[in-house]
Amino acid sequence: MHDHNHDHGGHSHAISRDADRRWLVAALSLIVVFMIGEVVVGLLADSLALLSDAAHMLTDAAAIVLALIAMRLAARPAKGNFTFGLRRVEILSAQVNGITLWVLAAVFVLEAIDRFRNPPDVAGGLVLVTAIVGIGVNALATWAISRADRRSLNVEGAFQHLLNDLFAFIATAVAGAVVLFTGWARADAVATLIVAVLMAYAGWGLLRDSWRVFLEAAPRGLDVAKIDGDLHAVDGVVDVHDLHVWEVTSGFPNLSAHLLLAKDQDCHARREQIAALLADRYGIHHTTLQVDHAQEALIDPAQLRHGAPAPH
C-alpha cells in the first residue's frame, strides 16, 4: 500500500493588487464625492429617496474599503498557526457588508411607510437633477470596478452594489420627475422602497455566498457528484471516498480525497493524472490526494464500488 499526500501548490492566487487598487480607489473617489453632495441635496430637497441612495452609496464605499483592506491582508504570507494566511478576511468583510445592507434596508422601509402616511414637500427638480448625475457617476464607478479582479467576493459585491445603484438612481429620477410634474409627493417614498429592496437583495447575495464559504460547501458552479463520477471513471481507480470540496476564500477552491487503485496501477502516475484532470476540468489547483492500492486479498473491488469500507 502506498500513501501519497499531494499539495499542488505551484499556483499563485495573488490578485494583481497594484492595478486593482487603482481601479478600486478611482471608483471609491467618485462615490465619496458624489455621496457627500447627495446628502446635502437630499437634506435641502427633503428627499428620503436621495438620502437612502446616499446610504446605499455609503455601503458601496465601505465595500470597496473593505475589499482594499482584505486584499492587503490576504496578500500576507501564511505563518504560524494561520496556515492559509488571512485569506478569509474578505469573507468576514462581505458578511459585515451584507448585514449592514439589511439593517439599512429595514430602516428605510420603516421611514418610507411613515412618509406614505405623512408625505412631506419634496423638491422634485433637485431630486431629478441629482439622480441624473448619480446615474452617470455610478456608471463610471461600475465600469472602474469591472476592470478589477472580480474573483474576489468583495470586489464582486462592490460591483453588484454599484450596478444596483444604477437602478436605484433611475427609480429616484422617475420619482423626482413625478413629484416635479404631478406634485404627487408619495413617489419619493415609492422610490425609497425600491432602493430598500435592491439593498436587501444585494445583502442577501453577500450573506449567502459568504456563509457557503464558512460552512465549507462546494464552490458555486462545482458539482461534487460529477467530480466523484469523473474520478471513478479514471482508468485503474477502484473506489473514491472521503471526497471533500470547499473554498478557503472566494476563488480559492480546494479538494481532498482518498482513492483506491487496482494492484497493478502506478500510484504516483495516477495521482498526477487526477491532479491534472481536476485542474483542467474544474479549475481546482489545490488538491490533497491519498492514493492507495486496494487490498484485493481482503476486499473484492466489486464490493468497494458498491460502498464497502475501504482498507486502512
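Residues are numbered from 1 along each chain as its sequence is written, and side-chain values use heavy atoms, with hydrogens and water left out. Because the model is predicted, local features need pLDDT of at least 70 and side-chain atom pairs count only at pLDDT 80 or more, whereas totals for chains, interfaces and linings use all residues.

The cores are considered first. A nonpolar core is a set of buried Ala, Val, Leu, Ile, Met, Phe, Trp, Tyr and Cys residues joined through side-chain atoms within 4.5 Å; buried means under 20% relative accessible area, exposed over 50% and partly exposed in between, with a 1.4 Å probe and protein chains only. The largest nonpolar core holds 27 residues, of which Leu 24, Ala 27, Ile 31, Met 57, Ile 64, Ile 145 and Val 155 touch the most other members. At least two residues of this core come from each of α1 (17-45), α2 (48-74), α4 (124-146) and α5 (153-182); helices (H or I, at least four residues) and strands (E, at least two) are DSSP runs, numbered from the N terminus. The largest share, eight residues, is supplied by α2. Leaving aside residues up to four places away in sequence, Leu 24 touches Ile 64, Leu 68, Met 71, Ile 145 and Val 155, where contact means heavy atoms within 4.5 Å. Another core, of 22 residues, lies apart from it and includes Ala 218, Val 234, Leu 255 and Ala 275.

An open sheet of mixed pairing is formed by three strands in the order β1-β2-β3; two strands pair if DSSP finds at least two bridges between them. β1 (237-247) and β3 are the edge strands, each pairing on one side only. Strand β2 (residues 253-261) runs parallel to β3 and is joined to it by eight bridges.

The axes of helix α7 (residues 224-232) and helix α8 (residues 267-282) come within 11 Å and cross at roughly 140°; axes are lines fitted to C-alpha atoms, for helices over the stretch in contact, and angles run from 0 to 180 degrees between N-to-C directions. Lys 226, Ile 227, Asp 230 and Leu 231 of α7 meet Ile 274, Leu 277, Leu 278, Arg 281 and Tyr 282 of α8 in this contact.
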